[in-house]
Amino acid sequence: MSGLSVGMLLFLVSVGMSLIFGVTRIVNLAHGSFYMVGAYLMVTLVEVLPDRPWAFWLALLLAPLGVAALGGVIEIGLLRLIYRRDPLMQLILTFGLILVIGTLVLLAWGPDNKSVSRPEALAGSVRVFGQPFPSYYLLVLGLAPLVAVALWLVFYRTRFGMLIRAATVDREMLGALGVNVSALYTQVFMFGSWLAGFGGALAAPTVAVALGMDSDVLTTAFVVVVIGGLGSFAGSFISALLVGLLQSFGILIFPAISIVLLFAIMAVVLIVRPWGLLGRPEE
Amino acid sequence: MRPAGWLGLVVLALAVAPLALPPFFLQLLTEIAIVGLFATAFNLLMGFGGMVSFGHAAYFALGAYAPALLVKRAGVPLLLALPAAPVVAGAGALLFGFFIVRLSHTYFAMLSLAFAQIVFTVIFKWKALTGGDDGLLDVWPPPLLKSPAAYYYFTLAVVGVSVLALRAIVDSPFGYALRSVRENPRRARFIGIDVRRHQLVAFVISGAFSGLAGGLFAFYNGSVFPDFAYFTKSFEPLVVALLGGVQSFFGPLAGAFGFKILEWLVSRQWPVYWPLFLGTIVIVVIVLLPYGFVGLVGGRPWRTRPTTRG
């Protein structure tokens with residue numbers, strides 16, 4: 001069960017990463033940093049807002065928006081300058097962002113671990129199949145699929161979603177048809193950042209909010225995205241659940257090699273199907 | 001002055017450095033030489049082969065752990081243990097590279113990163129052999145090489161010979177074939193070059209010399225840690241080569257010099273700010289100076305990516 005909720009959180013982060021790659025062709029290594037900023041913003045907002053039952057929910061709404069704003073600034077200020085460059089240069093630039101954001105978070109929030117208390121209504125635990133299970137995880141289990149459904153609706157039932165899908169297939173043609181591709185990139189990047197921030201904010205009460213969480217989540221989300229297929233929405237969902245479960249069970253059954261197993265699976269997928277389980281081969 | 005003249009001047013300056021500099025700076029220079037070798041080996045792939053590895057820390061770490069384990073667990077003396085560094089790292093590069101060179105561009109980078117994470121995890125978890133998180137301590141060179149000046153000369157000699165060897169490889173027919181693979185793999189294949197084999201050989205050579213740098217660093221540092229294989233370490237040669245300029249053979253060496261001096265200056269004053277500083281430099285270099293700092297002085301523009309896929 002907790003494996004499922006870990007998988008759900010992973011899904012939020014990796015689908016954002018996958019979405020950004022699908023449209024802008026940038027593998028955003030700073031995506032884990034966005035997740036971390038989301039969690040830290042949650043810490044601050046919960047502290048700052050008045051101690052009322054609704055404060056937690058307001059913070060959960062505001063923190064991801066803050067991350068989306070950060071994403072927007074980065075996209076307009078930096079990424080826009082290098083879309084035409086070598087993809088590897090873009091990769092290195094986002095790596096530079098990891099370092100910068102990591103240090104800024106350290107300076108803003110200090111080196112100590114933080115924690116966010118769960119909202120009162122969800123502080124206890126419930127019994128599922130006779131096992132005690134923290135009720136907050138139920139929220140995660142409930143919210144993430146809701147987001148998945150909402151994403152599906154956005155992708156397949158709105159104009160924005162149609163443009164995103166069109167952009168993943170042929171960006172130049174989309175631009176030639178009169179769509180403002182540059183604005184679309186910004187929106188998609190902000191949307192992807194929002195998803196990472198939402199994942200971080202939602203995860204904050206379940207983990208110690210600490211400085212290393214950016215690289216931890218990055219490596220796992222990276223594996224998820226690669227296994228599922230870069231740019232594939234359904235692929236991210238399936239492989240996030242798979243990886244979440246594998247991590248939870250792997251630690252129980254063979255703790256020493258669970259991470260090796262994860263990367264070994266990723267390596268096998270890359271060798272056999274470099275474009276991932278549900279992705280498309282590069283043109 | 002001709003390039004050869006400059007080179008002679010640099011070698012002379014490095015040779016007399018121990019007479020003029022206090023031990024601290026000799027250690028800094030030793031570190032620069034090691035990072036320079038690491039970045040030069042890395043750049044054989046990036047600059048001349050057009051392959052960007054995101055997992056070179058794996059070979060650095062294999063090269064650091066192999067001789068450290070021999071010294072620590074089997075009592076082998078340094079001079080006999082050090083050759084294990086390039087051998088083991090080269091073997092690792094052969095094993096992983098066999099799969100990695102089958103992919104291209106972004107996927108190449110990602111698979112190399114995945115293998116490096118596997119190496120990191122194995123080192124981290126295999127406590128009985130590697131000491132896990134605690135690393136291996138007290139891996140010092142023999143008394144003869146223990147003083148900063150002695151180890152400095154030793155490192156300089158090993159790095160010097162290695163760089164000359166790499167230079168010879170770059171200038172050999174193999175080196176030119178490798179460039180043609182970088183520029184246009186399909187045309188290279190048409191004229192009879194076995195593209196994958198050339199890429200794999202370059203990968204193994206690069207891995208082996210990265211391992212040698214790792215081995216030198218192990219004895220310089222006196223200890224080895226799993227961090228050597230962590231993905232942030234993989235970015236070190238990349239950043240160094242990028243700073244120096246990937247299109248020139250000596251760019252990475254110059255980059256190592258600038259990088260280490262800068263790191264020392266910044267971390268001495270504000271250790272916390274160093275990653276911020278480094279990240280900012282990386283971003284600025286990518287956005288404003290696509291050919292690195294050496295490119296400012298004048299280097300030929302060089303396409304980082306073949307424009308034709310076919």
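Me: At roughly what angle do the axes of helix 2 (residues 23–49) of chain B and helix 13 (residues 251–269) of chain B cross?
Reply: Two packed helices are described by the angle between their axes and the distance between the axes. In this predicted model, the axes of helix 2 and helix 13 of chain B come within 8 Å, and the crossing is right-handed. The angle at which they cross is roughly 135°.

Me: What radius of gyration does chain B have?
Reply: Chain B has 15 helices and 0 strands, and its C-alpha atoms fill a box of roughly 55 × 50 × 40 Å along the principal axes. For 310 residues, a compact globule would have a radius of gyration near 19 Å, and the value for chain B agrees with this, being 19 Å.

Me: How far apart are the end C-alpha atoms of helix 3 (residues 53–77) of chain A?
Reply: The buried residues of helix 3 of chain A, among them Phe56(A), Leu60(A) and Ile74(A), pack against helix 2, helix 4 and helix 8 of chain A. At 1.5 Å a residue, the 25 residues of helix 3 should span 36 Å, and this agrees with the distance between its end C-alpha atoms, which is 38 Å.

Note on methods
Residues are numbered from 1 along each chain as its sequence is written. Chains are lettered from A and ligands numbered from 1 in the order in which they are written. This is a predicted model: local features need pLDDT of at least 70, side-chain atom pairs count only at pLDDT 80 or more; totals for chains, interfaces and linings use all residues. Helices (H or I, at least four residues) and strands (E, at least two) are DSSP runs, numbered from the N terminus. The radius of gyration is taken over C-alpha atoms; the globule rule is 2.2 Å times the number of residues to the power 0.38. The expected span of a helix is 1.5 Å times one less than its number of residues. A residue is buried if 20 or more other C-beta atoms lie within 10 Å of its own, exposed if 12 or fewer, and partly exposed in between; C-beta atoms are placed from the backbone. Two residues are in contact if their C-beta atoms, placed from the backbone, lie within 7 Å. Axes are lines fitted to C-alpha atoms, for helices over the stretch in contact, and angles run from 0 to 180 degrees between N-to-C directions. A crossing is left-handed if the near helix is turned anticlockwise from the far one by less than a right angle, and right-handed if clockwise.
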